Amino acid sequence: FGREISEREHVPIGLVDSTWGGTPVASWVSLDSLGADASLMPVFAARAQMTDAQMDVPALVAKEKRDDAAARAAGQPLPKHPWHPGPASWAPAGLFNGMIAPATAYTIKGVIWYQGETDSSEIRAPLYDKVFPAMITDWRAHWHQGNFPFLYVQISSFTSVPAETWGIIREAQRRTLKLTNTAMAVSIDVGQPENVHPADKQTVAARLALAARATVYGEKIEYSGPMYRQTAPEGAGMRVWFDHAEGLRTKGAPEGFEVAGADHRFHPADAQVEGSTVLATAAGVEHPRYVRYAWANAPHANLYNAAGLPASPFISEDHMPPPCPVTYVDTCP
C-alpha cells in the first residue's frame with residue numbers, strides 16, 4: 001500500500017505499524033468509549049467468560065509456565081499447550097492503551113485496518129456492528145484531526161468451524177460504511193478456505209490503495225466492488241440493486257445467492273444478472289422477502305463489476321441476524 005501510494009503521489013509515505021494478530025476489536029477501543037455506551041457492556045461480559053472457573057486464562061498461563069520449568073529442570077522436551085487467548089492482548093482497551101494511545105501525538109493522513117476474524121465467535125459476533133464503528137469514532141476523537149480517512153478490509157474466506165459466523169462480521173463491516181470518510185476493500189475472492197492468513201497480500205493492498213487514490217487523493221477511478229443498495233420482491237424472486245455496479249457480471253454461472261421468506265430460512269437461489277441488478281429465485285420460497293450473498297464462512301462467490309472488483313457479501317434484512325447457536329448448526333438459517 002505504501003509503495004503504490006508513494007509511487008503515484010511522488011512523496012514519501014510513512015507507515016506506523018501497530019498490530020497484534022488474533023485479537024478482538026474491543027482491545028483496540030479506549031476504556032472511556034467502551035464505558036460511555038451501555039450497548040457495549042456485553043464486551044465486559046465476554047471478557048468475564050475468559051476468567052471464570054471454567055476458563056481461567058491467567059491460571060492456565062501460570063500452570064504452563066510451571067510445567068515448562070519442570071520439563072527444563074528434568075531435561076525433557078517442553079510440553080505442548082493448547083491454544084488459548086493471551087490475557088493481556090484480549091483485555092478491553094488493553095491494546096488501545098499500549099499501542100494506539102502513544103501514537104495519537106503523531107499527525108496522520110489516515111488509517112488502514114485489517115481485523116475481525118477473532119470476533120466471529122457466538123459471543124462476540126453480535127457486538128461487532130457496534131464496537132467496530134465505536135473504535136473508528138474513538139480513534140478520531142483521540143487524534144483530534146477530524147474524520148480522517150479510515151480504510152479497512154472485509155475479512156476473507158475461511159472454513160473455520162460451525163460455531164463461528166464470518167458472515168456476520170463481514171456484514172457489520174459493510175454496514176460500517178455509513179460512517180463518513182470510510183472505504184472497504186473486499187477480499188472474499190482471494191482467501192484460502194483452509195488458511196486463516198491467506199497469502200495474497202498484494203491484491204488486498206492494491207484494493208486499499210484504490211480506495212485511497214479515489215477518496216483521499218481525488219482520482220476519478222472505480223475503487224469499490226458492487227455494494228448492496230436495496231431489494232424488492234419481483235414475482236417469485238428478489239430483485240437486488242447495487243452501487244458500484246457498472247459492468248456487473250459473474251465469472252461463470254452466478255453463485256452464492258440465497259433467498260428466504262418470512263421464516264428467515266435461506267435456500268440456495270438461481271440468479272440472473274440483468275443490467276446493474278440481480279434477480280434471485282429459490283425453489284420452495286413462494287413469497288420471498290430476504291436475500292443474501294456469499295454468507296458462508298468460505299462461500300462460492302463470483303459477482304464482479306467492470307473494474308474486476310468483487311461484490312461485497314451482504315444480507316438484506318434490516319437488522320443484523322443473530323449468530324447460529326452451536327446446538328442448532330444443522331437447522332439454523
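Student: How do the residues of the lining of the second largest cavity divide into nonpolar, polar and charged?
Tutor: This is a predicted model, in which local features need pLDDT of at least 70, side-chain atom pairs count only at pLDDT 80 or more, and totals for chains, interfaces and linings use all residues. Residues are numbered from 1 along each chain as its sequence is written, and side-chain values use heavy atoms, with hydrogens and water left out. Nonpolar means Ala, Val, Leu, Ile, Met, Phe, Trp, Tyr, Cys and Pro, charged means Asp, Glu, Lys and Arg, and the others, Gly among them, are polar. For the lining of the second largest cavity the division is six nonpolar, two polar and one charged.

Student: Which strand gives the largest share of that lining?
Tutor: A cavity is a set of points, on a 1 Å grid over the protein atoms alone, where a 1.4 Å probe fits but cannot get out, and lining residues have an atom within 4 Å of a point. For the second largest cavity the lining includes Met 184, Ala 185, Val 186 and Arg 207. Strands (E, at least two residues) and helices (H or I, at least four) are DSSP runs numbered from the N terminus. The largest share of this lining, three residues, comes from residues 182–186, strand E3.

Student: What volume does the largest cavity have?
Tutor: The count of cavities of 30 Å³ or more comes to two. A volume is the space filled by probe spheres set on the grid points, which are joined across faces, edges and corners. The second largest cavity has about 50 Å³. For the largest cavity the volume is about 150 Å³.

Student: Which element gives the most to the lining of the largest cavity?
Tutor: Of the 16 lining residues, those closest to the centre are Pro 24, Ala 26, Val 43, Ala 46 and Arg 124. The lining divides into twelve nonpolar residues, one polar and three charged. Helix H3 (42–50) and helix H6 (128–143) each supply at least two of its residues. With four residues, the element that gives the most is H3.

Student: Arg 124 forms a salt bridge with Asp 119; how far apart are the closest N and O atoms?
Tutor: A salt bridge is a side-chain nitrogen of Lys or Arg within 4 Å of a carboxyl oxygen of Asp or Glu. Buried means under 20% relative accessible area, exposed over 50%, and partly exposed in between, with a 1.4 Å probe and protein chains only. Asp 119 is buried at 4%, and Arg 124 is buried at 17%. Their closest N and O atoms are apart by 3.9 Å.

Student: Why are Asp 67 and Lys 63 separated by about one helical turn?
Tutor: Their side chains meet in a salt bridge at 2.8 Å, N to O, one of twelve in the structure. Asp 67 is partly exposed at 28%, and Lys 63 is partly exposed at 42%. The separation is about one helical turn because, in helix H4 (residues 57–73), the two are apart by four residues.

Student: Is Ser 121 buried or exposed?
Tutor: Ser 121 is found in the loop between E1 and H6. Not counting residues up to four places away in sequence, Ser 121 has contacts (heavy atoms within 4.5 Å) with Pro 126, Ala 163 and Glu 164. At 14% relative accessibility, Ser 121 counts as buried.

Student: What distance separates the C-alpha atoms of Ala 283 and Ala 306?
Tutor: Ala 283 lies in the loop between strand E10 (277–281) and strand E11 (290–293). Ala 283 is exposed, with a relative accessible area of 73%. Ala 283 and Ala 306 are 23 residues apart along the chain, and their C-alpha atoms are separated by 30 Å.

Technical notes: On a 1 Å grid over the protein atoms alone, a cavity is a set of points where a 1.4 Å probe fits but cannot get out, and a pocket is an open set with protein on both sides within 12 Å along at least five of seven lines; lining residues have an atom within 4 Å of a point.
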